Amino acid sequence: MGKKRVMVPVEKLDLSAVKYEKEVIQAPHLAGFLFKLFVGILEMPVIGSFVVSMLKKQNKIEELLLNTVIPEAPMFKPEFPPQEEEPVISTLDEDGKPEDRVDKALKCLPHYDPIDRVKSDPSSPFRYWKIRDYAHAYRSRHTTPSMVAEHIISIIQEFNHRKPAAPLLISFDPEEVMKQAAASTQRFEEGNPLSILDGIFIAIKDDIDCYPHPTKGASTWMHEVRSVEKDADSVLRLRRCGVIFVGKANMHELGMGTTGNNPNYGTTRNPHAPDRYTGGSSSGPAAIVASGICSAALGTDGGGSVRIPSSLCGVVGLKTTYGRTSIKGSLCDSGTVEIIGPIASSVEDIMLVYAAILGSTPEDKISLKPAPPCLPILSSHDNLNILGSLRLGKYSPWFNDVFSTDISEKSEDILELLMKTHGCETVEVVVPELLEMRTAHLVSIGSEFLASMNPDCEDGKGKRLTYDSRTSSALFRSFTASDYVAAQCLRRRIMHHHMEIFKKVDVIVTPTTGMTAPLIPPSAHKYGETDMPVTGYLMRFIIAANLIGLPAISVPIGYDKQGLPIGLQLIGRPWGEATILRLASAIEELCGNPKRPMSFYDVLKC
């Protein structure tokens with residue numbers, strides 16, 4: 001029996017006595033046949049339970065859940081205190097037309113010079129085409145959505161024939177793409193585009209409904225038990241703006257992994273290094289944006305699944321406040337840690353897509369009482385003054401706990417640049433109970449995943465999951481009702497800690513991930529792999545935004561010595577998207593032009 005541990009009430013915790021504990025995950029790294037054998041053992045009635053119990057004890061999960069007295073009441077979903085209005089912002093009508101919100105977002109962006117943007121001088125540094133570049137090209141008749149669609153279709157078909165398989169999309173209908181493109185082309189010919197997003201190509205992660213495509217969650221069977229009859233709320237809002245959907249993007253099966261490995265369809269490769277993972281679970285969305293094929297993509301983020309692949313692929317990924325965007329019409333639409341968020345190559349494109357998809361459900365409006373959605377007015381003369389007033393929270397022992405010092409050093413360089421250029425102040429803070437936070441998140445997302453999957457798993461579909469998903473399921477089944485309640489008590493403590501930090505700072509800054517893109521072992525192609533230490537590094541700074549619902553954004557800041565992208569994460573107050581978008585835009589400007597990925601396609605061809 002473990003020794004009873006009693007936590008002091010959260011308001012009495014002495015932060016000066018808090019010591020940072022490095023995360024050490026005790027679990028085997030397995031791939032290939034050994035991994036298959038391990039899963040067989042895990043699923044044995046008695047032996048499997050013993051192995052899971054041993055792993056939980058080695059990683060202090062039982063100590064934190066079974067042997068700990070937590071004095072706080074449970075918080076079953078995020079509960080946010082009222083927040084002050086952010087300065088120099090444009091407020092959006094979440095109940096209005098998405099195309100009107102996009103038009104308002106457009107007015108928040110800096111001046112656009114089409115002549116400077118479309119110069120094709122070979123000596124010019126690499127840069128991604130932005131949504132405004134496509135819109136200008138369409139309006140000036142340099143190209144049409146139909147012509148761009150033809151380029152994209154040929155590229156996707158090439159990807160689909162690669163050996164070994166490494167698809168960006170796992171549901172793709174060229175006729176459907178051309179049909180949408182033809183309608184958009186006609187609107188431009190008639191001079192009536194629906195919005196700046198008309199004719200913009202966007203990929204949708206395979207756990208979000210996009211009619212008429214099936215939603216499989218990159219499994220082999222989900223479409224057999226769940227039909228798609230209409231778009232998810234976020235997809236419908238984009239469709240009303242004239243967006244062209246290229247198809248359903250590859251992902252880590254059912255979102256239960258951080259690398260993007262998928263033996264079912266093939267693992268999407270990192271555009272910067274094809275022998276490395278993209279990160280997950282939104283692997284296809286991040287890769288298709290980083291490759292230049294789509295301007296943006298929608299992903300889901302329940303444990304970093306938008307931010308991790310965005311960081312590893314060198315693009316921007318926004319995780320919104322929980323409840324800011326509707327998750328109706330997704331496989332995770334009953335969870336308490338997940339959101340649907342955009343991935344794009346620039347902050348301004350993130351703002352345009354975010355403006356289109358935002359809008360809380362009626363239920364969340366009642367329970368969460370969201371502040372009105374808003375965007376920073378980047379074109380305002382006061383924008384620089386606001387940047388200079390920002391206080392950036394940094395917990396140094398955590399910030400520096402990375403696999404490679406390239407990450408922490410590059411991140412530190414950006415903080416110094418922000419101070420020198422804009423006057424931003426870095427404030428040392430303490431983020432206590434990080435191990436408790438990770439455990440509470442694991443139990444929450446795992447229990448909610450299992451609750452949604454149980455009917456189908458009991459019906460025999462569980463055996464058709466990948467070995468990676470089956471490993472996770474074996475762990476999740478070991479969690480009890482009391483474990484889940486204990487995790488929600490910890491959630492309330494973690495919320496209190498962060499709200500206290502936000503009394504001192506405006507944004508918490510961390511690297512997005514503790515390591516850059518990991519190598520794909522050749523033995524992982526057929527059966528997948530389990531590598532929890534790698535998962536620990538990838539999720540090191542991710543959890544707070546999911547467990548307590550805070551907004552966060554990953555913005556690329558450079559590369560390590562191997563040329564792999566590094567991302568910086570900005571975590572904001574509840575409903576504080578405008579502040580982190582403002583700061584992300586400033587960081588983007590300081591970092592200059594990105595490096596051209598090894599796998600890049602110029603589909604606009606101006």
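Which residue in β7 is the bridge partner of I202? That residue is F245. The model is predicted, so local features need pLDDT of at least 70 and side-chain atom pairs count only at pLDDT 80 or more, while totals for chains, interfaces and linings use all residues. Residues are numbered from 1 along each chain as its sequence is written, and side-chain values use heavy atoms, with hydrogens and water left out. Helices (H or I, at least four residues) and strands (E, at least two) are DSSP runs, numbered from the N terminus.

**Annotated regions**

- UniProt lists residues 169-581 as "domain: Amidase" in an unreviewed entry. UniProt positions follow the numbering used here, feature names are shortened, and annotations may be inferred rather than shown by experiment.
- Over residues 169-581 the chain is 41% helix and 17% strand. The end C-alpha atoms of this span are 29 Å apart.
- The unreviewed UniProt entry also gives a "transmembrane region" at residues 33-55.
- Residues 33-55 are 83% helix and 0% strand. Their end C-alpha atoms lie 21 Å apart.

- Strand β6 covers residues 201-205. Five of its five residues are buried (under 20% relative accessible area; exposed is over 50%, partly exposed in between; 1.4 Å probe, protein chains only). The strand is therefore largely enclosed by the rest of the structure.
- F201, A203 and K205 point one way from β6. I202 and I204 point the other way. In a regular strand the side chains alternate between the two faces of the sheet.
- β6 pairs with strand β7 (residues 244-249) in the parallel sense, over five bridges. Two strands pair if DSSP finds at least two bridges between them.
- β6 also runs parallel to strand β10 (residues 296-301), joined by three bridges. There, I202 stands opposite A296.

**Nonpolar cores**

- The largest nonpolar core has 165 residues. Such a core is a set of buried Ala, Val, Leu, Ile, Met, Phe, Trp, Tyr and Cys residues joined through side-chain atoms within 4.5 Å.
- The residues with the most contacts inside this core are L197, F201, L238, I288, I293, L570 and L583.
- L197 is in contact (heavy atoms within 4.5 Å) with V102, I131, L238, C241, G242, V243, L352 and A356, leaving aside its neighbours within four places in sequence.
- In soluble globular proteins, nonpolar side chains tend to be buried together.

**Residue I350**

- I350 lies in helix α13 (residues 347-357). Its relative accessibility is 0%, so I350 counts as buried.
- I350 touches V316, G317, L318, P342, I343, A344 and L581, not counting residues up to four places away in sequence.
- I350 and L55 are 295 residues apart in sequence. In space they are 40 Å apart, C-alpha to C-alpha.

**Pocket and cavities**

- The largest pocket has a volume of about 1100 Å³. On a 1 Å grid over the protein atoms alone, a pocket is an open set of points with protein on both sides within 12 Å along at least five of seven lines. A cavity is a set of points where a 1.4 Å probe fits but cannot get out, and lining residues have an atom within 4 Å of a point. Grid points are joined across faces, edges and corners, and a volume is the space filled by probe spheres set on the points.
- Of the 46 residues that line the largest pocket, I25, L442, L475, M532 and T535 are the closest to its centre.
- The largest share of this lining, six residues, comes from α18. Elements that each supply at least two residues include α1 (32-42), α2 (47-58) and α19 (467-477).
- There are two cavities of 30 Å³ or more. The largest cavity holds about 80 Å³ of space. Among the residues lining the largest cavity are Y128, W129, S345, F600 and Y601.

**Backbone details**

- A cis peptide bond joins K163 and P164, with omega about -5°. P164 is in the loop between α7 (145-160) and β5 (169-171).
- Another cis peptide bond joins G280 and S281, with omega about 15°.
- R141 is not a glycine, yet has a positive phi of about 65°. R141 is exposed, with a relative accessible area of 58%.
- L254, also not a glycine, has a positive phi of about 55°. L254 is buried, with a relative accessible area of 12%.
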